[in-house]
Amino acid sequence: MRYDYQRADWGARPAKSRTLLTWSRVRKIVIHWPASITPIGATPEAIASYLRAWQRYHQAVQGWTDIAYAVGVDQAGRVWELRGADVRDGATAGQGGTTQSILAILAIDETPTPAMLTTLRHIAHELAGKAAKGCTIVGHGDAGSTRTDCPGPQLRAWVRAGLPAPTHTQPKEDIMATKDELRTIIREEITAFMHAPIPAGTTDRPWTTTATDALAAAAELEYIALADGTRVRTDDAIAAIYERITKTAAGEEPAL
Ligand SMILES: [Zn+2]
């Protein structure tokens, strides 16, 4: 297991005792959430402070040996060592030793990010791969021993659906443009490109303003034609325009 943060990084207190897991006995990888009613915050410092509080609660109030969970995943997709992936957990009542737990560090009014889902999926499959044949991945409420809403409605549904990979990890790149929006975007891109600093070691941009203007006009016509009546992905269009400019600058295509 590759951790972004180990126990020392979040200031964990020592476990009162630890038992290593016998992986061949593990039949369920169980996903939890802390059901925090306050927002947890995105910084490592904020998350570390919550982890210390949960550990304190589990040790001092519940009387457990340590924070209940083995591994944590936050909204940035970072992996936190809690008890540790190979240590027997204390998060599934009555099933200790046959489960291993992952904590999704998510407050109750938060939606899991694609980064969190991607890492949860990866970690859950990694742990299931170490466990007994036929090991399943379940939400806590579906683990069979406790009636609970854990890990919340969104993660519960996602786990029940088989932990599908998130479809859009870069929503910013997925803007769809109308003809007029695309024209504006192309002009802005060309302008930004023309005003970018001249690369070190060269005295000028490798094309003339005239050629660039001509290319811009051509690109505009070409891609607006594509966009006319339909909608095109702006990142596809912009990538194609840059490719055209680069090829022209390299002499592979004539300037128009
Ligand atoms: Zn739980």
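Let me start with A35, which sits in the loop between strand 1 and helix 1, residues 44-61. This is a predicted model. In it, the phi angle of A35 is near 55 degrees, a positive value in a residue other than glycine. A35 has 13 other C-beta atoms within 10 Å, so it counts as partly exposed, since a residue needs 20 or more to be called buried.

L163 is another residue to look at. Its loop lies between helix 3 and strand 6, residues 176-177. Phi of L163 is also positive, near 55 degrees, and again this is not a glycine. L163 is partly exposed because it has 17 C-beta neighbours inside 10 Å.

Now to strand 1, residues 28-32. How many of its five residues are buried? Five of the five are, so the strand is largely enclosed by the rest of the structure. In a regular strand, side chains alternate between the two faces of the sheet. Here K28, V30 and H32 point one way, while I29 and I31 point the other way.

Which strands does strand 1 bridge to? One is strand 4, residues 99-104, which runs parallel to strand 1 and is joined to it by five bridges. Within that pairing, I29 has Q100 as its bridge partner. Another is strand 5, residues 136-139, also parallel, with four bridges to strand 1. There, V30 stands opposite V138.

Last, the peptide bonds. The bond between C150 and P151 is cis, with omega about 5 degrees. You will find P151 in the loop between strand 5 and helix 3, residues 153-160.

How values were computed
Residues numbered from 1 in each chain as written. Predicted model: local features only at pLDDT ≥ 70, side-chain atom pairs only at ≥ 80, totals over all residues. Buried ≥ 20, exposed ≤ 12 C-beta atoms within 10 Å, placed from the backbone. Helix = DSSP H or I, 4+ residues; strand = E, 2+ residues; numbered from the N terminus. Pairing = 2+ DSSP bridges.
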